[in-house]
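My plan was to take one pair at a time and to write down the crossing, then the residues that make the contact.

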Amino acid sequence: MTTKSFQEHFDKQIENEVSIEPRDWMPDDYRKTLIRQISQHAHSEIVGMLPEGNWITRAPSLRRKCVLLAKVQDEGGHGLYLYSAAETLGISRDEMIEQLHSGKAKYSSIFNYPTITWADMGAIGWLVDGAAIMNQVPLCRTSYGPYARAMVRVCKEESFHQRQGYEIMMTLANGTEVQKKMAQDALNRWWWPSIMMFGPSDADSPHTVQSMKWRIKRFSNDELRQKFIDVTVEQAKLIGLTVPDPDLKWNEATGHYDFGKINWDEFWNVVKGNGPCNKERLQARQKAWNDGAWVRDAAVAHAQKRKFKETPKSKSEAA
Amino acid sequence: MATDPKDNTTLQLLHFTLQMADNALINGHRLSEWCGHGPVLEQDIALSNIALDHIGQARSLYQYAASICNGINSENRQHLFASTSLNQKISKGEMIDEDDLAYLRDAWDFRNVLLVEQPNTDWAFTVARSFYFDSFNFLFLSVLQNSSDSTIAAIAEKSLKEVNYHLRWSSEWIIRLGDGTTESHQRIQDALNDRWCFTGELFQATDADVAMNAQGVGVDISMIKQQWLEQIQSVLNEATLSLPTGVWMQEGGKQTRHSEHLGYLLAEMQFMQRAYPHMQW
């Protein structure tokens, strides 16, 4: 087949909703876009372990400690599936980690905000995982097979995470005055960063058009953001919390909430590295990786020794 | 303190249960500190899983300890713990639960061995600590699943399945590091040597151990020492490592005299309950 016919075949598969698999021909830019998106997603899971991991040792009850630890462990598992999905596109996990540590690869900016109180564990589960689900559910039908399959499992767990976060918020909102204050304070701090998680407005999103054409993406940033706001505002009302947006208003005509102006300056600044915790997050990842180098070396060396020891034995057994 | 022999047995059962519960919680807490900071993702996940097992075991044991506590007559119950906030709750006649035992006691009410409260330090020190403890825990629980106390026996049986995996995990890492690179060999040998002084206490019988063994509830821990040594030796042989030779053993944890580390661990762990008392979370 010529490149042109490869391209035609690929286009036809996309058109017919046939998933693209690792051995299929795909345009270079499609591959690059997926590597960028999946690795960024994997890095977000791994860096995302840090702000919540921050409260494992201080969780207020044994049950909460177990649930939080299990949740953060799940995020690690998500990172693992996603790194594996990206590896099918011809990049190694070490290369991806190197790109994270050098700053070449990005991760979700939301994790550059600090977790100051216990209520932040509720807010992250409810809002951050809630926003992630909005983004990720359509990815279960994304055109690249390994990514779509990884997302099916990720979404199941994320929906549990979202519920556990909301349950923390509900418990606080039904608690004492100081607990209610803690919950409202967390919502105040996490609301805007959460709605920024959907990325820039469609007009300023450089990758959206092509990604939608390739059916990597199914909905635009603004569509998903609106959907998230419509659902979440009702959930906040249900537990008596106030969304920190004075311009928030139900619009009968559109059937959606109108909302205030997003501070995109803040968004781009955090992306560029000026968020409250960008440095700490990256340093924590680099430290874990560098401190673990001798451990990984030992594991490789031992595996080689074992292989070497076992080889002559299996030969003699065969003889 | 209790003078009635029946109450004394109950008190020893409480202390015996707390020894195990505190070991599980403090060990689990220490291991959970690795979450998000492991040397490689798969091990980060494995260690969090093990931490979860320990904290889960601690919960079952604290629930049992709380029920024992709540069953002691109200006069004797007032003197069970030194910690003020817990005693206030008890003296008001309130029932206590797993969280009260974990979050309201100070270090001088904790009965865990010194070994488990030692800091993670690095991967080698963490592996060494787990290896010593898991080897003990596996043998201890293997006997304990035949306990005449049905709750203890059930918890031991359930925990043993998990501890079987913990021991495999820590033994494999001992071998991997010992028989890995020159650096890893040295690091794990140093860690094993350093933490060795905390292993003697594992086999030191407290009053609670003696009383519970006599009742058929507990374990004659002196009996498992030899097996423990053999088990350790066999893994170290495979790992090309040497059994530490130190003879001086640190002790005190089981008698509620702890190292400086436990106070800091508890200050962090109990922060929420201390700063925002009497609330549901």
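Predicted model: local features only at pLDDT ≥ 70, side-chain atom pairs only at ≥ 80, totals over all residues.

On the H8(B) side I noted B:Leu167, B:Ser171, B:Ile174 and B:Ile175 as the residues that make the contact, and on the H11(B) side B:Gln231, B:Val235, B:Leu236 and B:Glu238. When I sorted this contact by class, I wrote down 5 nonpolar, 2 polar and 1 charged residues.

I then looked up the geometry of the pair: helix H8, residues 150-178 of chain B, packs with helix H11, residues 221-238 of chain B, at an angle of about 40°, and their axes are 8 Å apart.

Next I turned to chain A, where the axes of helix H2 (residues 28-47) and helix H4 (residues 62-87) come within 8 Å and cross at roughly 160°. An angle over 145 degrees counts as roughly antiparallel, and I therefore recorded H2(A) and H4(A) as roughly antiparallel to each other. The hand of the crossing of H2(A) and H4(A) is left-handed. From H2(A) I listed A:Ile38, A:His41, A:Ala42, A:His43, A:Glu45 and A:Ile46 in the contact, and from H4(A) I listed A:Glu75, A:Gly76, A:His78, A:Gly79, A:Leu82, A:Tyr83, A:Ala85 and A:Ala86. My last entry for H2(A) with H4(A) is the division of the contact residues by class, which gives 7 nonpolar, 5 polar and 2 charged.

How values were computed. Residues numbered from 1 in each chain as written. Chains lettered and ligands numbered in written order. Heavy atoms only, no water. Axes fitted to C-alpha atoms, helices over the stretch in contact; angles between N-to-C directions. Helix = DSSP H or I, 4+ residues; strand = E, 2+ residues; numbered from the N terminus. Parallel < 35°, antiparallel > 145°, perpendicular 65-115°, else oblique. Left-handed = near helix turned anticlockwise from the far one by under 90°. Contact = heavy atoms within 4.5 Å. Nonpolar A, V, L, I, M, F, W, Y, C, P; charged D, E, K, R; others polar.
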